[in-house]
Amino acid sequence: MSDTRRRVKVYTLNEDRQWDDRGTGHVSSTFVERLRGISLLVRAESDGSLLLESKISPNTAYQKQQDTLIVWSEADNYDLALSFQEKAGCDEIWERICQVQGRDPALDITQDPIDESEEERFEEIPETSHLVELPPCEQGRLEEIADLVTSVLSSPIRREKLALALMTEGYIKKLLGLFRVCEEVDNREGLHHLYEIVRGVLFLNKAALFEVMFSDDCIMDVVGCLEYDPALVQPKRHREFLTKTAKFKEVIPITDSELRQKIHQTYRVQYIQDIILPTPSVFEENFLSTLTSFIFFNKVEIVSMLQEDEKFLTEVFAQLTDDATEDSKRRELVNFVKEFCAFSQTLQPQNRDAFFKTLANLGILPALEIVMGMDDLQVRAAATDIFSYLVEFSPSMVREFVMQEPQQTDDDVLLINVVIKQMICDSDPELGGAVQLMGLLRTLIDPENMLASTNKTEKTEFLSFFYKYCMHVLTAPLLANTALDKNSKDLQEGSTKVNPVCPDNFQTAQLLALILELLTFCVEHHTYHIKTYIMNKDLLRRVLVLMNSKHTFLALCALRFMRRIIGLKDEYYNRYIIKGNLFEPVINALLDNGTRYNLLNSAIIELFEFIKVEDIKSLIAHIVDNFYKALESIEYVQTFKGLKGRYEQEKDRQSQRLNSSFLNCRYRRDARSLDEDEELWFNDDDDDDDGEAVEKRMGDDFSDSYGKYMEAKKGKLYSLTTALVGLVDYPDDEDEEEDDEEEDQSPRKRPRLSS
């Protein structure tokens, strides 16, 4: 259908009192046999599917708002709206609705929903009492007018009648003229009454009244009335703020006067709702639903008008990326784009999709690369907010741009590295910006939102890129603050002797905690890439240095990182931990914590409990072999005795397996010897003439064979025993070995561990 007059968007109001866009199509009114009445039909312009089928019920209250909106409720908490492209189309459908209901098309509402008690009262009202009778608009009658406006708010019928009276008599403009008179003569009592009147008129929740009150020639007087709250000793100065403090900056001149007027109006109405009007009570919160809708549709219209003006947006991004642009001008441009993106959040998903694609095509990401590296904190903060909108909208779009960037010799120019550096260099003591950026980085490296293509996966490509070009930037502060003490003479291979964490101040600790949180996420979700990085950089050893930090939360972050690694139950990681003796700093932290029962104590014990429950044999053997003497005195939990028990069970199983292997080997050897002897006996049985010689030769052969057999037997037994000891080397198993241990005990097995 080419008729743009009937082109509409269908909206429904969700549970959060936000309008959801259900699609764009063309509306018609026709008789539907199934519904037995004239109905509104909207068919999608894309595929002709039915977006809306709604019977025009005689008892449904329809409202016309802003000349291009029709709003109504079909059931409890199910509000609908049609937003027309042209006013003429809205008027046609409105006349059709009024015709079906027998109403006057000049009204902006056909009727109001009423409960039974209202119906009864309405029936008692004579038909001649069509409107509320308003007192003359005079200073002496302001109290009477205020009482009238306040009294009708509890009755839907009387609210509707008052709204009609205010519209038909042009009463609003008369009241605002009276406000100017009262202010000139400083009539405070009259001004206080006008505050009550204007506030009550807003609570009538009528779009037609809003159109008058928020017009250019009325809105500042409305704001002025709302300055004189009777509860305040001195009036507020809202008009002074709106006219002098709040400045409208056109970063690029807006030639469309309608667009400029709409921006001014939306800002001022939003100010009235958010700043001037008090927070509505439960009783009052539904009174301003139309005001919320008014602002919402204004924002949608502003975004659409700006988005359609390609020349305007092209100029914005051209100046934003131009090296010749002054810093102050660039700051204004960034703030404009930020507000533009914030307005776009009112759009529905399909419209927001088109919006961000438009920004991407105009070069929003290259522009962010420039402004996020600027020294101006306000500019960086605004750029971070814009980046946040883009990442939340489409992480894949950001990743695609990053991977297509030309690979410079300096990795710092990459967008993700710019983001990481901004996170690391956040000057806020609470690291508010760093926390926000860490969340965005986490979204970008999350495989759950990465797409798979025909040949390659986004996950493989992007993670390879990230670990090659970006991971070293992320871990730089961690490695710098956990440097190994290479000058120490007693530093042995596999030892964890390190310098103290430096500097160990609160802000540095917070930053390292954020980095560790991100690395822990990588351990959980990246497997191969992070495993390779940890091994190559010996990263876990460096992380465990932070167990020495005076900030317990940082020590817990380091412990959590190790816990995630062990939780994977990967023998590759386990061998790395055993070879590096990386349990030592954890056990030292447990021993240093003493008898304090705190989170650090519980977290460390949980780590060992997990190893025990999951029966990770290699780690159990390592812990008991090297640290049990230091841990056996801890008896308030059974964790370490349990580890010892697991250790003994595995030792018994290995012993039984060794014995079984030895017996099987001996049985096979004896059986083979018997077969050979029997064969030799029968072969030599017929040679009776040389009996004595044979007997002597057999005796000699037996002696030689028996000697060789015993030597071979000793060799096999020695090999098996050696293999077993290599698997389960239990130095305290036998009494004799215990004596040997006392003579030559490893320093790592002593109760107080030291480096």
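Asp-426 is placed in the loop between α18 (415-424) and α19 (432-444), where helices (H or I, at least four residues) are DSSP runs numbered from the N terminus. The model is a predicted one, in which local features need pLDDT of at least 70 and side-chain atom pairs count only at pLDDT 80 or more, whereas totals for chains, interfaces and linings use all residues. Residues are numbered from 1 along each chain as its sequence is written, and side-chain values use heavy atoms, with hydrogens and water left out.

Asp-426 is buried yet has no salt bridge, and the nearest side chain of opposite charge, that of Arg-380, is 6.1 Å away. Here buried denotes under 20% relative accessible area, exposed over 50% and partly exposed in between (1.4 Å probe, protein chains only), while a salt bridge requires a side-chain nitrogen of Lys or Arg within 4 Å of a carboxyl oxygen of Asp or Glu; Lys and Arg count as positive and Asp and Glu as negative, with His and the chain ends not counted. The side chain of Asp-426 reaches the backbone nitrogen of Ala-434 at 2.9 Å. When neighbours within four places in sequence are left aside, Asp-426 is in contact (heavy atoms within 4.5 Å) with Leu-431, Gly-432, Gly-433, Ala-434 and Gln-507.

Aromatic rings were examined next. Rings of Phe, Tyr and Trp (its six-membered ring) pair if their centres lie within 6.5 Å, and planes under 30 degrees apart count as stacked, over 60 as edge-to-face and the rest as tilted. By this rule the count comes to 23 aromatic pairs. Phe-336 and Phe-340 form a stacked pair, at 5.8 Å centre to centre and with 20 degrees between the planes; these two residues are separated by about one helical turn because they lie four residues apart in helix α13 (residues 327-344). Phe-336 is buried, at a relative accessible area of 19%, and Phe-340 is likewise buried, at 4%. The pair of Phe-356 and Phe-393 is also stacked, since the ring centres are 4.8 Å apart and the planes are at 25 degrees. This pair links distant parts of the chain, with Phe-356 in helix α14 (residues 349-362) and Phe-393 in helix α16 (residues 377-393), 37 residues apart. Phe-356 counts as buried at 1% relative accessibility, whereas Phe-393 is partly exposed at 24%. One aromatic cluster is formed by Phe-312, Phe-336, Phe-340, Phe-355, Phe-356 and Phe-393.

Charged groups also lie over rings, as defined by NZ of Lys or CZ of Arg within 6 Å of the ring centre and within 35 degrees of the ring normal. Lys-531 lies over the face of Tyr-573, at 5.7 Å from the ring centre, and Arg-563 over the face of Phe-610, at 4.0 Å.

Definitions and conventions. A polar contact is a pair of N or O atoms within 3.5 Å; within protein, one must be able to donate a hydrogen and the other to accept it, and residues adjacent in sequence count only if both atoms are side-chain atoms.
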